[in-house]
Amino acid sequence: MDKEENYDYIIAGAGAAGLSLLAYLMDSAPSLPKKKVLVIDASLEPEADKTWCFWNQDHRFMELTHHTWKTLQVVSNGEVFKERLTNFGYHCIRSEQYRRHILERARQAEQITLLETRIHDFGEQNDRAIVHTAKGNFVAEWVFQSVLKPDSFHQAVVDSSLIQHFKGWEIETDRELFDPATARLMDFDTEQEGGLTFFYVLPFSQKTALVEYTIFSEQMLEENRYDSALGHYLQQRYGLGSNDYNILRSEAGAIPMEDRKVPGFYNRRTLNIGTVGGITKPTTGYTFTRAHQHSREIVRALAAGRNPAPWPGSPYRFRVYDIMLLYLLKHETDISRHIFHELFNKNSIELLLRFLDEETKFTEELGIFSKLPYAPFFRSIYRMKHRIFTGA
Ligand SMILES: Cc1cc2nc3c(=O)[nH]c(=O)nc-3n(C[C@H](O)[C@H](O)[C@H](O)COP(=O)(O)OP(=O)(O)OC[C@H]3O[C@@H](n4cnc5c(N)ncnc54)[C@H](O)[C@@H]3O)c2cc1C
C-alpha cells in the first residue's frame with residue numbers, strides 16, 4: 001500500500017512513554033483543539049507483560065493503580081530493614097490495564113487514529129516529519145518516537161554498559177504467607193550471579209504475589225536459570241514446593257543500564273521519548289514516572305505554541321553519581337553489594353527513594369555518601385574522570 005497521510009502529531013510506539021503522551025494530549029484537548037493525532041504500534045493489543053512500580057504522593061493515573069504498599073522492606077546479610085512510608089506510597093500499575101484504559105479513551109476521540117503496523121524509519125521533508133511504515137508513509141508537524149535508536153545513539157560514548165535482566169512469577173499459594181501492605185524492594189540474600197543479584201517481592205494479597213529474580217550484569221542467563229532461582233527462593237524463603245503454588249502469569253525483561261548520553265532528536269522534527277529518549281534512570285531502570293514528567297512538558301510546550309524539548313537528562317551531580325555507581329556495579333560487584341547494604345542500613349528508605357528521583361538536596365546527598373566507604377568511590381572517580389570532569 002502506498003499512501004501518505006497528514007497529521008499534526010504522530011506518536012510512534014504505544015508503550016509506557018507513547019501512551020502517557022497520548023493521555024496527556026487527550027487531557028489537553030481544549031488547549032490543542034482539532035489537532036489530528038496518529039498513534040502507531042506494531043501491536044495495540046493490551047498485554048499483561050509488565051508491572052510498573054513507582055512512588056509518588058499522587059499521580060495522573062491514580063485510578064489505574066492496582067496496588068499500593070505503604071511499607072517497604074530490604075533484606076541484606078540476614079538483616080531486615082523495614083520502613084513505613086510517610087510522604088508517599090509505592091504503587092503499581094499493570095501494563096494491560098494502562099494500555100486498555102488509554103486506548104479505550106482514544107477510540108472515543110474523533111481526532112485520534114490508531115494504526116497497527118511496523119515502523120521502518122523516520123525521515124523529514126520541508127519541515128515535516130515522515131514515518132515510514134509497512135502500511136505507507138505518514139507525515140506530521142511533530143513525531144514522538146519510542147521505537148528506534150537513531151544512528152547517533154550508537155556513536156555516543158559508553159564506558160559502563162550493563163543489563164538489568166529479570167524474570168518474575170505471579171503466584172497464588174495454597175496458604176496465607178504474604179503481607180499485602182509490605183513490598184520487599186530487594187532481598188540480596190541469595191547467590192550473586194556474576195552481578196548484583198536480588199529478589200523483589202510484591203504481595204497483592206495474603207496468597208498472591210509477584211516474585212522477581214533480578215540481576216545487574218553484562219549477560220542474560222539461560223531461561224531455565226531464572227526459573228530454577230525463583231523455585232529455589234520460594235522453597236527457601238517461604239517453604240513452598242512446586243505443588244504449593246500456581247504460576248498465574250510470568251513477566252521478564254532486560255533494561256539497559258548505561259552511562260550513554262542519549263540523543264534527544266531522531267531528526268529535526270522527530271523527538272525521541274521513552275527509553276530511546278534517555279528517560280530510563282541508568283542505575284535503577286525506573287522509567288514510568290519520568291515518562292509522565294516528559295509527557296507533561298511536551299504537551300505544555302505544544303499548548304503554548306513552543307517546540308517540544310527532549311528529556312533534559314539528570315542534573316550534573318546526579319549524572320556523576322550514576323556514572324560512579326555504574327562503574328562500581330560493573331567492576332566491583334562485591335563492593336556494590338556492600339554499598340547497597342550500607343545505604344539501607346544507615347539511611348531511611350524514603351530518603352533513598354527521593355535520592356533516586358533526584359529530588360534530594362546536596363546536603364542530604366553528602367549525608368548519604370558520608371556513611372559509605374569512601375575508597376571505592378574515589379577509585380571510580382579516578383577511573384571515570386574523563387567522563388566526570390567533562391560532564392559527558
Ligand atoms: C517486565 C517489566 C517490568 C518493568 N517494571 C518497571 C517498573 O516497575 N517501573 C518502571 O519505571 N519501569 C519498569 N520497567 C521498564 C519499563 O517498562 C520500560 O522502561 C518502559 O516500558 C520503556 O517505555 P518505552 O515507551 O520507551 O518503551 P516500551 O514500553 O517498550 O514501548 C515501545 C513500543 O514500541 C513498539 N515498537 C517497537 N518497535 C516497533 C516498530 N518497529 N514498529 C512499531 N512499533 C514498535 C512496541 O510494540 C512498544 O509498544 C519494566 C519493564 C519490564 C519489561
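The model is predicted.

**Exercise 1. The ligand shell**

Determine which elements supply at least two residues each to the shell around the ligand, and which gives the most.

Solution. 
Step 1. The shell then holds 30 residues, and Asp41, Trp52, Cys53, Thr275 and Thr287 come nearest.
Step 2. Assign the shell to elements. Helix 1 (16-27), strand 3 (51-56) and strand 16 each supply at least two residues.
Step 3. Strand 16 gives the most, with four residues.
Step 4. Sort the shell by class: 13 residues are nonpolar, 11 are polar and six are charged.

**Exercise 2. Polar contacts and burial of the ligand**

Find what distances separate oxygen atoms of the ligand from N or O atoms of Ala17, Asp41 and Thr275, and what share of the ligand's area the protein buries.

Solution. 
Step 1. Apply the cut-off of 3.5 Å between N or O atoms.
Step 2. Begin with the backbone. An N or O atom in the backbone of Ala17 is 2.8 Å from a ligand oxygen, and for a backbone N or O atom of Thr275 the distance to a ligand oxygen is 2.8 Å.
Step 3. Turn to the side chain of Asp41, where an N or O atom lies 2.6 Å from an oxygen atom of the ligand.
Step 4. Compute the cover. The ligand taken alone exposes 980 Å², and the protein buries 83% of this area.

**Exercise 3. Position relative to the domains**

Explain why the ligand shell is placed between domain 1 and domain 2.

Solution. 
Step 1. Write down the bounds: domain 1 is 4-69 + 89-155 + 259-303, and domain 2 is 161-257.
Step 2. Check the shell against both. Each of the two domains gives residues to the shell around the ligand, so it lies between them.

**Exercise 4. The second largest pocket**

Describe the volume, the lining and the domain sources of the second largest pocket.

Solution. 
Step 1. The pocket holds about 540 Å³ of space.
Step 2. Its lining counts 23 residues; nearest the centre are Arg260, Lys261, Val262, Gly278 and Thr280.
Step 3. By class, the lining has nine nonpolar, seven polar and seven charged residues.
Step 4. Strand 16 (245-258) and helix 6 (316-331) each supply at least two lining residues. Helix 6 gives the most, with three.
Step 5. Domain 1 and domain 3 (316-388) each provide at least three residues of this lining.

**Exercise 5. Enclosed space**

Solution. 
Step 1. Strand 3 and helix 5 (288-303) each supply at least two of the lining residues. The classes are six nonpolar, three polar and three charged.
Step 2. Among the residues lining the second largest cavity are Tyr9, Leu25, Met26, Lys35 and Gln111. This lining divides into seven nonpolar, one polar and one charged.

Technical notes
Residues are numbered from 1 along each chain as its sequence is written. This is a predicted model: local features need pLDDT of at least 70, side-chain atom pairs count only at pLDDT 80 or more; totals for chains, interfaces and linings use all residues. Side-chain values use heavy atoms; hydrogens and water are left out. On a 1 Å grid over the protein atoms alone, a cavity is a set of points where a 1.4 Å probe fits but cannot get out, and a pocket is an open set with protein on both sides within 12 Å along at least five of seven lines; lining residues have an atom within 4 Å of a point. Grid points are joined across faces, edges and corners, and a volume is the space filled by probe spheres set on the points. Ala, Val, Leu, Ile, Met, Phe, Trp, Tyr, Cys and Pro count as nonpolar, Asp, Glu, Lys and Arg as charged, and the others, Gly among them, as polar. Domain bounds come from an automatic or database domain assignment. A residue is near a molecule or strand if one of its heavy atoms lies within 4 Å of it. A polar contact is a pair of N or O atoms within 3.5 Å; within protein, one must be able to donate a hydrogen and the other to accept it, and residues adjacent in sequence count only if both atoms are side-chain atoms. Accessible areas come from the Shrake-Rupley method with a 1.4 Å probe; for residues, only the protein chains shown count as cover.
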